[in-house]
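User: I would like to learn how to read the architecture of a protein chain, starting from its elements and ending with how they pack. Could you take me through it step by step?

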Amino acid sequence: MFQNFKDSRKMANSLKGIFSVYKEKGMTSVDVLRFLRLQIEDDLGLNTKMYGVRFGHGGILDQSSCGVLDHVTKEIFEGAIKQFEGSSLQKQPPHGAMNLDRIGFSDLIGNEVDVSPEPRNVHCHSICCKEFNPPYFSLDIHCSGGFFVRSFIHDLGLALGSFAHMLELERTQHGPFTIKDALHQYQWSYAEVMEAITKADQMCKEYFIKKIR
C-alpha cells in the first residue's frame with residue numbers, strides 16, 4: 001500500500017490511456033470494468049473514484065457465433081454467406097446491447113415496452129466458413145463496428161430457407177488490438193495495465209497512420 005496522499009494521487013493520475021483486455025465467456029463488459037477497477041484499487045490501496053479515474057470500454061461485446069440449420073449443403077451455405085459481404089442494412093436483435101434514452105432495449109422489453117429498432121447501415125469485409133458440421137457451423141467474420149453477428153446469423157438462416165441462432169462468439173480483433181495483446185483477468189495489476197497502456201499508445205499511432213495513408 002502506498003504511504004502518502006501525493007504518491008497515491010500521482011499513481012492514480014498515471015492511469016490515462018487505453019489497452020486491450022480479454023473478456024472471459026460468461027462475463028459481461030460491465031463485469032470486466034468492475035473487476036478491473038477492484039484489482040487496480042487493491043494494488044494501489046485507494047479508491048480510484050476519489051481521484052477522478054474512470055474506466056470505460058470501446059463497445060459492448062455480446063455473448064455467443066455458431067448456428068443451427070437443417071437440409072443445407074456446404075456449397076449452398078458458402079454461397080449464401082457471400083451475399084452478406086459488403087454494405088447492407090441490418091436490424092439489431094431486440095435483446096442486443098443498444099439503448100433508447102440510456103435505457104437498454106432488453107430492459108424496455110422486460111417492462112413490456114414495444115421496441116422496434118431501425119435498421120442501420122453496416123459493412124462486412126469478409127466471411128469465411130471455418131467449420132461446417134450440420135447442424136453446427138463456425139465462421140470467421142471481418143466486419144465494421146455496429147455489425148451485429150447475432151442478427152447476421154438470424155438473417156443467414158432465413159436466406160437459406162431455414163432458421164439459425166448463435167451459440168458462441170469470440171472477438172479476435174478490435175482496431176489494432178488482437179487477442180495476443182489482451183490482458184487476461186490474472187494480469188489486471190497496476191504494473192501490467194501501465195505497461196499495456198504504453199504499448200497500446202504506440203500501436204494506435206501506427207494503426208491510424210496506416211489508416212490515413
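Analyst: A helix here is a DSSP run (H or I) of at least four residues and a strand a run (E) of at least two, numbered from the N terminus. In this predicted model, the elements from the N terminus on run α-α-α-β-β-β-α-β-β-α-β-β-α, which comes to 6 helices and 7 strands.

User: How are strands held together in a sheet, and in which order do the 3 strands of the open sheet stand?

Analyst: Strands of a sheet pair through backbone hydrogen bonds, either parallel or antiparallel. Here the open sheet has the order β1-β4-β5, and its pairing is antiparallel. Because β1 (86–90) and β5 (136–143) have a single partner strand each, they stand at the edges, and one side of each is left without a neighbour in the sheet. Direction ignored, neighbouring strands of this sheet are turned by 55 degrees against each other on average.

User: How many bridges join β1 to β4?

Analyst: Strand β4 (residues 120–133) is joined to β1 by 5 bridges, and among the paired residues is Gln90, whose bridge partner in β4 is Arg120.

User: Which helices pack on this sheet, and on which strands?

Analyst: Helix α3 (residues 74–82) touches β4 and β5, and its direction makes about 160 degrees with that of β4. Helix α5 (residues 149–159) lies across β1, β4 and β5, running at about 125 degrees to β5.

User: What share of the chain counts as buried?

Analyst: Taking buried as under 20% relative accessible area, 36% of the 213 residues qualify, while the accessible surface of the chain comes to about 13,900 Å², 52% of which belongs to carbon and sulfur atoms.

Technical notes
Residues numbered from 1 in each chain as written. Predicted model: local features only at pLDDT ≥ 70, side-chain atom pairs only at ≥ 80, totals over all residues. Heavy atoms only, no water. Pairing = 2+ DSSP bridges. Axes fitted to C-alpha atoms, helices over the stretch in contact; angles between N-to-C directions. Contact = heavy atoms within 4.5 Å. Buried < 20%, exposed > 50% of the residue type's maximum accessible area, 1.4 Å probe, protein only. Areas by Shrake-Rupley, 256 points an atom, 1.4 Å probe, with all protein chains shown as cover.
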